[in-house]
Amino acid sequence: MQPSPTHRASFSLPTEAAARRVVDMLTEVFFEGDAAVAAFERPDGPWDVTLHFAEAPDQALLRELVATSAGNEIADTLMFDTVEAKDWVKASLEDLVPVPAGRFVVHGSHDRDRVAPNKLKIEIEAALAFGTGHHGTTRGCLLLLDHVLKSSRPSKLLDLGTGTGVLAIAAAKALHRAVLASDIDPPSVRVAAENATLNETGHHVRVIRATGFAAPDFARCGPFDLVLANILANPLRQLASPMTRHLAPGAHVILSGLLTHQAPAVIAAYRARGLVPLRHLRIEGWSSLLLRKLSKGGLAQRNPPL
């Protein structure tokens, strides 16, 4: 049977920074598999942004999203057409280069042999559109994780909202210790477990489906010395209290998935519960935060500068 054509939306932006901002926003909106989003620089300077959909997209919604992030003039230039059937997610991600983040490098299978042997490699299948490490939030979390591990070796670890499992895999590779990973979404639970096996960390990473901290596994595996949560600003604020209850004294918390202007409100929510901010990374308009729960003596231990 002849495969169905895919639906394409395309537009251009004048700068790389503008293209990255819009691609980040669209990647956040469309779940993996719903759309393949890619941006490429043209020889004459501008950047072309293209989205491929298996089903016809809501054109009005897509114009509204582009207008929100790039302005009405750009949204008015949005063009829609159909093209031959193809695995556009895989095709677009094959052009992505390995992403270094401290001691970690996130790469696709096509770049397996290009990563230096002294790096901790995290391989993510090219069919997965989000959580590849190219997003600023994932890279920020990995950089902060690398920073924390320079001065401490946490023993009880949690990756909350694991997605593709990148952060859990990174922690397991660096520490060779058990990591509990959770996600609210069943496909993400499956994908994260598969990626853990692919990266030879399946014996360390256990992935569960859970909403917030409701599952009994959190109480059994905690209190945690290190929590990584790359989700979104509002859920992070709502989780401040339950997360704090599952933290050991002096525990580190790495938060991301929030736009830079959202960071102060998230910091305030955790500061009110006894966590102090230690680092704030800003990458491509996104913020990644490192906080520490006050020890019983009321002081957070010092960390070396980032």
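The model is predicted: local features need pLDDT of at least 70 and side-chain atom pairs count only at pLDDT 80 or more, while totals for chains, interfaces and linings use all residues. Residues are numbered from 1 along each chain as its sequence is written, and side-chain values use heavy atoms, with hydrogens and water left out.

**Exercise 1.** Find out how many helices and strands the chain has.

*Solution.* Helices (H or I, at least four residues) and strands (E, at least two) are DSSP runs, numbered from the N terminus. Counting them gives eleven helices and 14 strands.

**Exercise 2.** Describe where Pro46 lies and which residues Pro46 is in contact with.

*Solution.* Start with the chain: Pro46 is in the loop between β2 (35–41) and β3 (47–53). Next, look for contacts (heavy atoms within 4.5 Å). Leaving aside neighbours within four places in sequence, Pro46 is in contact with Leu13, Pro14, Phe40 and Glu41. Finally, compare C-alpha atoms: those of Pro46 and Glu16 are separated by 7.8 Å, with the two residues 30 apart along the chain.

**Exercise 3.** Decide whether Pro46 is buried, partly exposed or exposed.

*Solution.* First recall the cut-offs: buried means under 20% relative accessible area, exposed over 50%, and partly exposed in between (1.4 Å probe, protein chains only). Then take the value for Pro46, which is 22%. Pro46 is therefore partly exposed.
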